[in-house]
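Please prepare a short briefing on how the parts of this model pack against each other.

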Amino acid sequence: MNKLEQIAFDQPGCAHNTSGHKKCVHKPSGGESCAFDGAYIVLNPIRDTAHLVHGGITCGAHNYESRGAYSSGSRLYKYCFTTDLSENDIVFGAEEKLRNAIIEVHEKFNPSAIFVYQTCIPAMTGEDTEKICQTAAEDIQVPVIPVIAPGFMGHKNLGNRIAGETLLKYVIGTGEINRSLEIDSELSVNIIGEYNIAGDIWNILPLYKKIGIPVMAKITGDADYSEVAKAHHAGLNLMVCSRALINIASGMKEKYGIDYIEVSYFGINNTTHALKETLIYFHNRKIITDQFYFEKMEMINRMENEAWASLIPYKKILNGRKAVVYSGGVKSWSMITALTDLGIEVTAAGTKKSSEGDKDKIEQLIGKDRMLEDTSPKSLLETIKNTNADFLIAGSRNQYLAYKEKIPYLDINQERHTSYGGYAGSINLAKDLCLTLKSPVWETVKSSAPWENDLENIFKAAT
Amino acid sequence: MSVLYETLKESRIEAVRVNPIKVAPGLGAGYAAQGFCKAVPFYHSAPGCNFLSKVILTQHFMEPISTAGSDIKETALIFGGTKELQNSIQKFCEKSKPEIVFILSSSIPEVRGEEYSSLLYNLKTKYSNIQFIVVSTPDFQGGFSEGFASLVYQSIFNLAEGGEKTANQINFIPAPYMTAGDIDEFIEIAESFELQTIVIPDLSSGPDGSKEKFSGMSVQGTSIEQLKLSGRSTATFTVGASMKPAGDFLQDQHNVKHIHFDSITGLSGSDELIKQLMLLTEKSEVPARIKRLRARLKDIMIDTHLLLNEKNIAMALEVDHIAALKSLFNEIGICSEISISPRIDTQMKMDHSIQAGTLYDIEKKLASGFIVDAIISNTHGKELATKYNIPLIRSGFPITDRYGMNYNINIGYKGSIYLIRELANSIKSV
């Protein structure tokens, strides 16, 4: 185990890290992506940087535009850069090729920084990617950041942690703010673990604007490199995808003394909770005045009430419905609360992709007997049937499982194109649930074909 | 600044690929595997290769897709992964009961130089009713087409059996770019000549949407029985240079006549297909349906000629696909000065207009003021087409943002009509 991996496993911020290491990283039994993919997902949304994948074509091409992280600025992060190693590169080594590639990317695209991902093949041939990045950075005077996450190292969750560790080591703390011009850093927050899937963060930022809390850095959804680099000036960290990037929060607490709170923006109650917790934190530390605090608390209540009011027509349709939920990370528990907000009963929740902390929260919400450890397609289908669930709410890999069995379904993971974050997102969620549930197709497809009917009677009636 | 940087600056060649349309050969092989009955691609790789292939195939077909993998970890990497591979294959076979397991050997075992003969021996003695076929698909050997072609070749190589010829039975080995719609169209044309077709791989009945219930594997597609019988067909029809070796193998080994086409798109390509079918069946009369389609194709060619002649269309596709489309374009006057393919086949080097490259090569041309009327590429062309406000016609693999693309037809008179219609309507501005 190398040093970085050791750090990633050995996570003091994780309450479940009881027996040595490896406990707190969620360890799946199979059917999950690799460490490289995990690291790439976390870092890729940093929009004005180039993401250079050093490896075979698989790693670069399979991740090319595969996730819907939106950007309001540079679109450079959408470009796929890869060294696409050939047989010669493997036999004779590809260190020089990588060095050339870094310089080429710099000269042609002028990114703010270059993330270089070391994948399986160069890790096997033993290339010193860190050294190459270091010398290249000196040459081009732009940060070149090695991300050592070859796929065989472990699963996606470990890759997330490696990305967090990389940000802590190379990026966060390197940027400075201009105190006279910029926001009040003591009062500002970082949002960590929110990737702006389908524009989620654009539903969250206006809420913070309204309550007068500036956002210093978004890590990493719709973020610029410079923004992440100065994240250490913020007053508080808001951890969204708590288990995946907890090492950033705990690392920043250790290094810069910034506290963190765990929040979620799925569902109205969760959103309100997140906003209020932020205010309470700053109020407790006397960073904001009593007047400011009460004014803004009142504003949150107003926004919440407005959201509830616009939900009424949807709640009429959704109240009393049943759903089976299968997701990972923060969504595995916060989606349950979001659905309860709408009056939907969660009859089962798949926990295969959830860490111990997420599982504890799920248990508190729906009880142990509704937690589903076996999330194979067969088991999911049986559960849906046995509990009379109206929908399956899961990641896109189970979409066609549901559709084949003619079960209404909603995608809540990274491939969706509608934002479900914040108050506005909660309304979108209700809207989409109604759209799938009330669609006439479910009835249409149940009708039998002419040749499936009682043919004898049809012929008799015709004569 | 290091001395190395200065010296390198002089002698640098292009080292980075930007926005490639190339995908891994493992993905091409996984795609082809979906066209076999009760078959599964088993990725001997790190977990990501398997997982992401499944994600992309699912998004492309919009169907539940089954893949499996050995999830190579650090220990297996150091001490060799064959034993773990055997365990995971066994576990999978016990649970899912497949009929064919395609073991796709990825970059890691290929770089290590893993050896499969003892593994295959063990597995074959344990499961006599399951076929195990190893396909070498490391990243450094080609892309989508190469992976597709080598899986098809290996399945025929391992399973085809010779014997007495069955009259009226032919094999069709489709090119990697062909859709369910294309295969349906071929089967229908062959049927009108009273020929029964064995399609290898049959992607028209595997992941085509006709599956009514969920199942872990494709329940239709080419069966083992059909693969065995393919050695007894009267002829094999192959399309595209990459599929040629499979047809040649059947001819050399089992004496099945090999009829190869570079393209069965466009008027002359479709004519050639019909001519070969007439020769094979010794029929001088063709069905009225085909005659009518040919007349319709000529008609739409004339109707659209003012719009399409001298239009410039950029293509970023696999090389066989470009060859097929070019044969149509030449007939109607469309220029395709920018034709980008992930890899140039030695046979295709004659045509100088096809270059090895990526979507970024098209972008560079556009940035330098080159005018293009439409782009044909996979979904990844979207960003580029939006940036320069050029119509994008999605074709090839993967297409993840449009529905029902698997029913498109590109071959024969009918496919050519559809292609011209789509081109003309995309280019027409008012």
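The centres of domain 2 of chain A and domain 3 of chain A, taken over C-alpha atoms, are separated by 27 Å. This is a predicted model, in which local features need pLDDT of at least 70 and side-chain atom pairs count only at pLDDT 80 or more, while totals for chains, interfaces and linings use all residues. Residues are numbered from 1 along each chain as its sequence is written, and chains are lettered from A and ligands numbered from 1 in the order in which they are written.

**Domains of chain A**

- Chain A is assigned domain 1 (3–171), domain 2 (185–310) and domain 3 (319–417); the bounds come from an automatic or database domain assignment.
- Helices (H or I, at least four residues) and strands (E, at least two) are DSSP runs, numbered from the N terminus.
- Ala, Val, Leu, Ile, Met, Phe, Trp, Tyr, Cys and Pro count as nonpolar, Asp, Glu, Lys and Arg as charged, and the others, Gly among them, as polar.

**Domains of chain B**

- The assignment for chain B gives domain 1 (25–159), domain 2 (169–286) and domain 3 (290–427).
- Domain 1 and domain 3 of chain B have centres 33 Å apart, taken over C-alpha atoms.
- Their contact takes 9 residues from domain 1 of chain B and 9 residues from domain 3 of chain B.
- On the domain 1 side of this contact, α3 and α8 (144–159) of chain B each supply at least two residues, and α3(B) gives the most, with 4 residues.
- The residues of that side of domain 1 of chain B divide into 4 nonpolar, 5 polar and no charged.

**Helix pairs**

- Helix α2 (residues 25–33) and helix α3 (residues 47–61) of chain B pack at an angle of about 55 degrees, with their axes 10 Å apart. Axes are lines fitted to C-alpha atoms, for helices over the stretch in contact, and angles run from 0 to 180 degrees between N-to-C directions.
- α2(B) and α3(B) are therefore oblique to each other (angles under 35 degrees count as roughly parallel, over 145 as roughly antiparallel, 65 to 115 as roughly perpendicular and the rest as oblique).
- B:G26, B:L27, B:G30 and B:Y31 of α2(B) meet B:C49, B:S53, B:I56 and B:L57 of α3(B); these residues divide into 5 nonpolar, 3 polar and no charged.
- In chain A, helix α14 (residues 331–341) and helix α15 (residues 356–366) pack at about 25 degrees, with axes 8 Å apart, which makes α14(A) roughly parallel to α15(A).
- The contact of α14(A) with α15(A) involves A:S332, A:W333, A:I336 and A:T337 on α14(A) and A:D358, A:K361, A:I362, A:L365 and A:I366 on α15(A).

**Sheet in chain B**

- An open sheet of 4 strands in chain B has the order β7-β6-β8-β9, with parallel pairing (two strands pair if DSSP finds at least two bridges between them).
- β7 (196–199) and β9 (257–261) of chain B stand at the edges, each with a single partner strand, so one side of each has no neighbour in the sheet.
- Strand β6 (residues 169–173) of chain B is joined by 4 bridges to the parallel strand β8 (residues 235–239) of chain B.

How values were computed:
Two residues are in contact if their C-beta atoms, placed from the backbone, lie within 7 Å.
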